[in-house]
Amino acid sequence: MSIIAEIKNRRAIRDYAEREVEDEKIKTLLEAATWAPNDRMREPWGFFVIKGKAKKRYEAMAYDYLQERFPTKPHLIESSLKVLKTTPVHIVVTADIVPGDEEASIDNEYAVCCAIHSMWLAAKELGLGLVWRTRGVGLVRDNRMYEFIGAPENKKIIGNLFIGYPDDEALKKAKAHVRTSFEEKTIWL
Ligand SMILES: Cc1cc2nc3c(=O)[nH]c(=O)nc-3n(C[C@H](O)[C@H](O)[C@H](O)COP(=O)(O)O)c2cc1C
């Protein structure tokens, strides 16, 4: 399939089969990420793979977060935890902050977004489903996640990628996709 067709067919996949993702495939995704464009070759990405025992610790952390945030919504807590428990692997992706250089730091974030998109497309080629999460149990903006990955200095979390083999439900949902025409978003000057 052409690159343009692949771009159009990429979808956020949020429902996964009960099947482990092979480390070789995770490594292929990480390798694909490192070929993303980046300003001055700073290669500003960092990856934290969460699976196995680490995933259990993540679930416990998310439970604390959910209890704190939604104390009166047990159903929401339950459904959010289910999402975590049924996701085989997570990759938290960070961008390097350049101390004292806001512009370089912002460019680093852009480069990491490109890297994540590459991983998203590569996942599809590998038969995997992926969604980039920032909200809720993605915990991208929560200090707990920074602690969880070892409180690295000068790194900003850009995304938490939820990854697994898509289940039938995911494939059904993935069919619906609509986009506003570029014509409504474009001014030719
Ligand atoms: C920066 C960013 C943050 C996102 N955060 C979430 C999220 O927290 N939860 C979620 O379910 N999807 C999240 N998504 C996925 C979008 O909801 C999804 O890409 C959008 O609905 C379009 O669907 P498609 O990716 O299948 O084209 C995020 C996507 C991006 C790019």
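This is a predicted model: local features need pLDDT of at least 70, side-chain atom pairs count only at pLDDT 80 or more; totals for chains, interfaces and linings use all residues.
Reader: Which backbone atoms, then, come within reach of an oxygen atom of the ligand, and at what distance?

Author: A polar backbone atom of Arg 135 is 2.8 Å from an oxygen atom of the ligand, and a polar backbone atom of Thr 134 is 3.0 Å from an oxygen atom of the ligand. On the nitrogen side, a nitrogen atom of the ligand has a backbone N or O atom of Trp 132 at 3.0 Å. The ligand on its own has 620 Å² of accessible area, and the protein covers 68% of that area.

Reader: Which residues are around the ligand, and of what classes are they?

Author: The shell is made of Arg 10, Arg 11, Ala 12, Arg 14, Trp 120, Val 131, Trp 132, Arg 133, Thr 134, Arg 135 and Arg 179. Sorted by class, six of the shell residues are charged, four are nonpolar and one is polar. The element that gives the most to this shell is strand S3, residues 129–133, with three residues.

Reader: Let me move to burial: is Asn 160 buried or exposed, and where does it sit?

Author: A residue is called buried when its relative accessible area is under 20%. Asn 160 has 0% relative accessibility, so it counts as buried, and its place is in strand S4.

Reader: What does the side chain of Asn 160 pair with?

Author: The side chain of Asn 160 is joined to the side chain of Tyr 58 by a polar contact of 2.9 Å, and the side chain of Asn 160 also reaches the backbone oxygen of Gly 138 at 3.0 Å. Leaving out residues up to four places away in sequence, Asn 160 touches a list of residues that includes His 90, Ile 91, Val 92, Val 140 and Met 145. Among the others it touches are Val 131, Trp 132 and Arg 133, names you have already met in the shell around the ligand.

Reader: Is Ser 80 buried or exposed, and which residues is it in contact with?

Author: Ser 80, which belongs to helix H4, residues 74–85, has a relative accessible area of 12% and is therefore buried. Once its neighbours within four places in sequence are set aside, Ser 80 is in contact with Leu 66 and Val 137.

Reader: How should I read burial along a whole helix, and which residues of H2 are buried?

Author: In helix H2, residues 23–33, the buried residues are Ile 26, Leu 29, Leu 30 and Ala 33. Viewed down the axis of H2, these buried residues fall within an arc of 95 degrees, so they line one face of the helix. The cover over the buried residues of H2 includes strand S1 (45–50), strand S2 (89–96), helix H5 (102–125) and strand S4 (155–164).

Reader: What lies in the loop between H2 and S1, and what can be said of phi there?

Author: Arg 40 lies in that loop, and Met 41 is found in the loop between H2 and S1 as well. The phi of Arg 40 is near 55 degrees, a positive value in a residue other than glycine, and Met 41, although not a glycine, has a positive phi of about 50 degrees.

Reader: Are Arg 40 and Met 41 buried or exposed?

Author: Exposed means over 50% relative accessible area. Arg 40 has 72%, so it is exposed, and Met 41, at 55%, is exposed too.

Methods. Residues are numbered from 1 along each chain as its sequence is written. Side-chain values use heavy atoms; hydrogens and water are left out. A residue is near a molecule or strand if one of its heavy atoms lies within 4 Å of it. A polar contact is a pair of N or O atoms within 3.5 Å; within protein, one must be able to donate a hydrogen and the other to accept it, and residues adjacent in sequence count only if both atoms are side-chain atoms. Accessible areas come from the Shrake-Rupley method with a 1.4 Å probe; for residues, only the protein chains shown count as cover. Helices (H or I, at least four residues) and strands (E, at least two) are DSSP runs, numbered from the N terminus. Ala, Val, Leu, Ile, Met, Phe, Trp, Tyr, Cys and Pro count as nonpolar, Asp, Glu, Lys and Arg as charged, and the others, Gly among them, as polar. Buried means under 20% relative accessible area, exposed over 50%, partly exposed in between (1.4 Å probe, protein chains only). Contact means heavy atoms within 4.5 Å. The arc is that of the directions from the helix axis to the C-beta atoms.
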